[in-house]
Amino acid sequence: QVALVESGGGLVQAGGSLRLSCLASGPTLSTYTVGWFRQSPGKEREFVAAISWSGSNTNYADSVKGRFTISRDNAKNTVYLQMNSLKLEDTAVYYCARHRDRFRQYSLIQGSSPFGSWGQGTQVTVSS
């Protein structure tokens, strides 16, 4: 059973940067697509970014394109989310999640349903 632990959240001023990490313990992440999602109070969880097992394919929500970058280091069993030019509306709890199946690509239309293992989340707060 995989366990995912997010870290790197915190309080940052608008325009600043943060890098989130998602460390997996247990089975390797290297054969799975991994995604980042976020949820703000009163809002539904929304997709942020995803990366294929090899790192060759990435997907981004329109709201973060050009500002966020997802990457992975399979040797460290870790996926990262570099967040630049942060905005107030980026404030949320950020979750990483592992695809249910190995070697499966992700498409935005699928939403969160392909992801079966989730971390506990890390809070990101952007202040003015």
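**Aromatic rings and the core**

Me: Are Phe47 and Tyr106 buried or exposed?
Reply: Phenylalanine 47 and tyrosine 106 are both buried (under 20% relative accessible area; exposed is over 50%, partly exposed in between, with a 1.4 Å probe and protein chains only). This is a predicted model, where local features need pLDDT of at least 70, side-chain atom pairs count only at pLDDT 80 or more, and totals for chains, interfaces and linings use all residues. Residues are numbered from 1 along each chain as its sequence is written, and side-chain values use heavy atoms, with hydrogens and water left out.

Me: What kind of aromatic pair do Phe47 and Tyr106 form?
Reply: A tilted one, 5.2 Å centre to centre with 35° between the planes. Rings of Phe, Tyr and Trp (its six-membered ring) pair if their centres lie within 6.5 Å; planes under 30 degrees apart are stacked, over 60 edge-to-face, the rest tilted.

Me: What about Trp53 and Phe103?
Reply: That pair is edge-to-face, at 5.5 Å and 85°.

Me: Why does Phe103 count as partly exposed?
Reply: Because its relative accessibility is 43%.

Me: Which residues form the aromatic cluster?
Reply: Phe37, Phe47, Tyr106, Phe115 and Trp118.

Me: What lies over the face of Trp118?
Reply: Arginine 45, at 4.0 Å from the ring centre.

Me: New topic. Which residues touch the most other members of the largest nonpolar core?
Reply: Trp36, Leu81, Met83 and Tyr94, out of 33 residues. Such a core is a set of buried Ala, Val, Leu, Ile, Met, Phe, Trp, Tyr and Cys residues joined through side-chain atoms within 4.5 Å.

Key
Lys NZ or Arg CZ within 6 Å of the ring centre and 35° of its normal.
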